[in-house]
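Colleague: Could you walk me through reading some strands and a surface patch? I would like the general idea, then the case at hand.

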Amino acid sequence: MSLRNKLFLSFIGLILLNVLLFKFVFEDIIVEQLKTDRHNQYQYEKDTAEKVRFMQLLRSHYFKDPTERLELDKHLPEDLMYRIVIKDARGNVIDSRTSKAYDVKQPKVTSPRNEESNSSLKIVGEYHFQMEPPREGETVIYFYTDEYDIMQSKGVTMMLGFIYGSITLVGLVLLALFVRWVLHPVNELTRVTQDIRNGKRLISFSYRSHDEFGQLFQYFGDMVDDMRVVEERQSELISAIAHDFRTPLTTIKGYASYISSGRVTDLERIQKQMRKIEQKTSDLEKLLDELQDFSKDSSEVRLKISRIHVKQFMKGIIEDYLERIKDAGLSFQWKLRVSNELHIEADEAKLRRVMENLINNAIYYNKPDGSILITCDQRDGHVLFSVIDKGEGIAPEDQTKIFTKFYRVEKSRNRDHGGTGLGLNICQSIVRRHGGDITVASELGVGSSFSFTIPFYTT
């Protein structure tokens with residue numbers, strides 16, 4: 001399960017648990033408190049209204065002095081927001097008074113008609129008292145509330161406390177789960193990274209979940225395996241370079257020593273041995289070219305594109321290899337099935353290098369008395385170049401790896417020319433930079449066929 005799904009399901013589970021907890025534990029408590037708060041408020045307002053009514057009766061019958069009335073007004077509660085309106089028998093307002101709490105929240109309203117336009121205070125209760133004769137009329141008491149007044153309710157406070165507490169609890173639990181799910185694989189990755197830094201390459205992970213971190217560990221493990229293989233191949237490369245340099249150098253040194261001794265006087269024989277020296281020197285140059293290409297990013301080397309006549313290009317390569325393939329004891333054939341007018345836009349030196357590398361491999365890994373066939377076919381939008389040999393062939397498990405840098409088929413080390421494991425990788429890079437592709441078809445004991453395409457554009 002992915003980490004995202006774990007967090008989502010955990011969030012849903014916590015919300016459901018919170019809902020159930022409210023439904024079966026806190027709902028009755030909070031609702032009961034809200035009812036109690038409302039009852040207490042109603043009782044408080046009723047008591048205040050009764051006091052007003054009582055004061056009105058006292059004023060009517062006993063108190064004539066305004067100071068006595070003012071003194072009696074002090075006994076009314078000032079923490080309630082209310083407005084007292086006194087009307088005569090015709091309904092006209094003859095007096096209007098408000099509490100201090102009301103005055104703090106809202107400017108004094110002079111008419112009951114505009115009390116409905118009051119946006120900040122809402123009427124929550126009205127009490128109407130008819131005045132007794134001889135002073136006929138009506139006394140109306142309006143009780144108000146606002147958001148702050150509602151927030152002062154104990155039940156509302158409990159409700160908000162539950163909501164905020166639930167949100168905080170859910171957040172903390174999710175944070176704890178997230179930290180647990182993240183820190184465990186991060187610590188695991190830190191441990192493995194430290195092992196790699198210390199030189200360890202065979203690593204294992206205890207984290208087995210099939211989530212994003214599990215995929216990351218899988219990719220990381222694959223990367224370390226690839227790194228280990230590359231390091232092994234680089235080590236092999238050093239040995240291979242030493243071997244591949246030593247073999248032609250030994251040959252060159254032997255021929256040069258033999259010629260310089262003066263024991264060979266036959267000019268034809270001297271020329272033959274010099275050609276051998278030249279051939280081995282050419283092998284060393286190719287080896288150095290491969291190492292030079294490896295030392296720099298192939299994308300940094302710009303292609304020198306020119307217009308190439310395909311048939312002339314192929315004939316030049318065939319002429320260069322006629323004698324060499326013959327000296328190797330191999331039969332040589334070629335088929336150039338392209339138009340005489342066909343041209344391609346490519347880097348001629350790079351393209352020649354691809355062909356030479358494939359032909360050299362066909363020579364080195366061929367069987368005694370084997371054969372090499374070179375073909376060049378004109379297809380729809382591209383030219384197909386192929387080098388086919390009747391050599392030992394390549395195992396299926398190796399065919400997918402031979403274009404990998406430093407990869408070497410094990411059997412090749414028993415040959416006179418082991419190679420660096422860079423040649424085919426360089427060929428693939430050159431072909432792809434020309435917009436083509438290179439492939440191999442091979443069968444053990446039968447031979448191999450290497451083919452690559454180079455596009456051309458008709459005008």
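**Reading exposure and pairing**

Modeller: Happy to, and remember that this model is predicted. Lys272 is exposed, because its relative accessible area of 52% lies over the 50% cut-off.

Colleague: Which element holds Lys272, and which residues form the positive surface patch?

Modeller: Lys272 sits in helix α7, residues 267-295. The positive surface patch is made up of Arg269, Lys272, Arg275 and Lys276.

Colleague: Why is strand β4 described as largely enclosed by the rest of the structure?

Modeller: Because 9 of the 9 residues of β4 (residues 137-145) are buried. Strand β1 (residues 82-88) runs antiparallel to β4, joined by 7 bridges, and Arg83 stands opposite Tyr142.

Colleague: How many residues of strand β9 are buried, and which strands does β9 pair with?

Modeller: In β9 (residues 382-389), 6 of the 8 residues are buried, leaving the strand mostly covered. With β8 (residues 371-378), β9 pairs in the antiparallel sense over 7 bridges; Gln378 has Val383 as its bridge partner. The hairpin of these strands has 3 residues between them, and Gly381 there takes a positive phi near 90°. Strand β11 (residues 447-455) is also antiparallel to β9, through 8 bridges, with Ile388 opposite Ser449.

Notes:
Residues numbered from 1 in each chain as written. Predicted model: local features only at pLDDT ≥ 70, side-chain atom pairs only at ≥ 80, totals over all residues. Heavy atoms only, no water. Patch = residues over 30% accessible without salt bridge, like charges linked within 9 Å, V, L, I, M, F, W, Y side chains within 5 Å. Areas by Shrake-Rupley, 256 points an atom, 1.4 Å probe, with all protein chains shown as cover. Salt bridge = Lys/Arg side-chain N within 4 Å of Asp/Glu carboxyl O. Lys, Arg positive; Asp, Glu negative; His and termini not counted. Charge placed at Lys NZ, Arg CZ, Asp CG, Glu CD. Helix = DSSP H or I, 4+ residues; strand = E, 2+ residues; numbered from the N terminus. Buried < 20%, exposed > 50% of the residue type's maximum accessible area, 1.4 Å probe, protein only. Pairing = 2+ DSSP bridges.
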